[in-house]
Amino acid sequence: MDRDGNGWVECQLGHRHWGLQGAAGLLLHTVDADGTLRVLLQHRADWCHHGGTWGLPGGARDSHESVQEAALREAVEETEIDAAQVRVRHTFVDDHGGWSYTTVYGDCVAALDTVPNEESAELDWVRVDRVDQLTLHPGFGHTWPRARLDPLALVVDAANVVGSVPDGWWKDRAGATERLGERLRPLMSTTLHDDQMSGVVSAIQVVVEGAARAAVLPRPVETVTAQASGDDAVVATAQTLSGLGRRVVVVTSDRELRHRAGQIGNAIDVRGASWLLDLLGP
Ligand SMILES: [Zn+2]
């Protein structure tokens, strides 16, 4: 039944919430050309419950809907974003007992155009590191510290990844590296989520060495040219990014390099070439 989710509920934490079957909101991420991670937030109109605060587009779930459908439907109603451009990802449930709020993650290649409806005073693509500075809707403020995603920087050991597929790369190392760069490009703005990490790819740095140094990689993929050892360049790049407070994913199957990268710090995840190739698909 349409709109059979509309109504107020009191949760076991003593809050009053909208949504008889719970509610869902869309946390939509995108990454700018300069690597800035942003989320789409709604500045709620003054007449709304908790008017004047910032939160996610979203609302009550109807009984016939999945949480993903509810979040997307409400977001489209409130922002007029083009749903076809939204890639729906995983979810995060904030269960208050008797009522729950599901954050539905989505990402898109570029900031989508928005048109506010009467529930929105304003819609804005807010930098993730500035969200805390806004006056947040209490529900969103409750969820945000646990629901927020980090920007992820991928540091790819190109020689190792290219060398893991026997496709004749040894005849043209630069060409094979350029093909890898083309395949990596669509990973920008992509959400990666598993047991160990959650984040949105906001930088892709490909370390090239030896004969592959002639490779020209397509923006926004960045080339790091190793002057000597490729392994040293991977470690130095990961160290620099991690020193800037970035969460880093080093991609290599080289055992010694995996060990070195793993020692840099907690903000470094190390993944093998096959993990990356699975992500890129056939
Ligand atoms: Zn509650």
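Which residues does Ala 158 touch, not counting residues up to four places away in sequence? In this predicted model, local features need pLDDT of at least 70 and side-chain atom pairs count only at pLDDT 80 or more, while totals for chains, interfaces and linings use all residues. Residues are numbered from 1 along each chain as its sequence is written. Ala 158 touches Thr 177, Leu 180, Val 206, Val 207, Val 208 and Ala 212, where contact requires C-beta atoms, placed from the backbone, within 7 Å.

Ala 158 also belongs to the largest nonpolar core, a set of 44 residues. A nonpolar core comprises buried Ala, Val, Leu, Ile, Met, Phe, Trp, Tyr and Cys residues joined through C-beta atoms within 7 Å; buried residues have 20 or more other C-beta atoms within 10 Å of their own C-beta, placed from the backbone. Together with Ala 158, the members that touch the most others are Leu 154, Val 155, Val 156 and Val 250. Elements giving two or more residues to this core include strand E10 (150-157), helix H3 (158-163) and strand E12 (198-208); helices (H or I, at least four residues) and strands (E, at least two) are DSSP runs, numbered from the N terminus. The most residues, seven, come from E12.

Of the 11 residues in E12, 10 are buried. Strands are taken to pair if DSSP finds at least two bridges between them. E12 pairs with E10 in the parallel sense over eight bridges, and Asp 157 stands opposite Val 207 in E12. Four parallel bridges link E12 to strand E13 (residues 222-225), with Val 206 partnered by Thr 223 in E13.

How values were computed
A residue is buried if 20 or more other C-beta atoms lie within 10 Å of its own, exposed if 12 or fewer, and partly exposed in between; C-beta atoms are placed from the backbone. Two residues are in contact if their C-beta atoms, placed from the backbone, lie within 7 Å.
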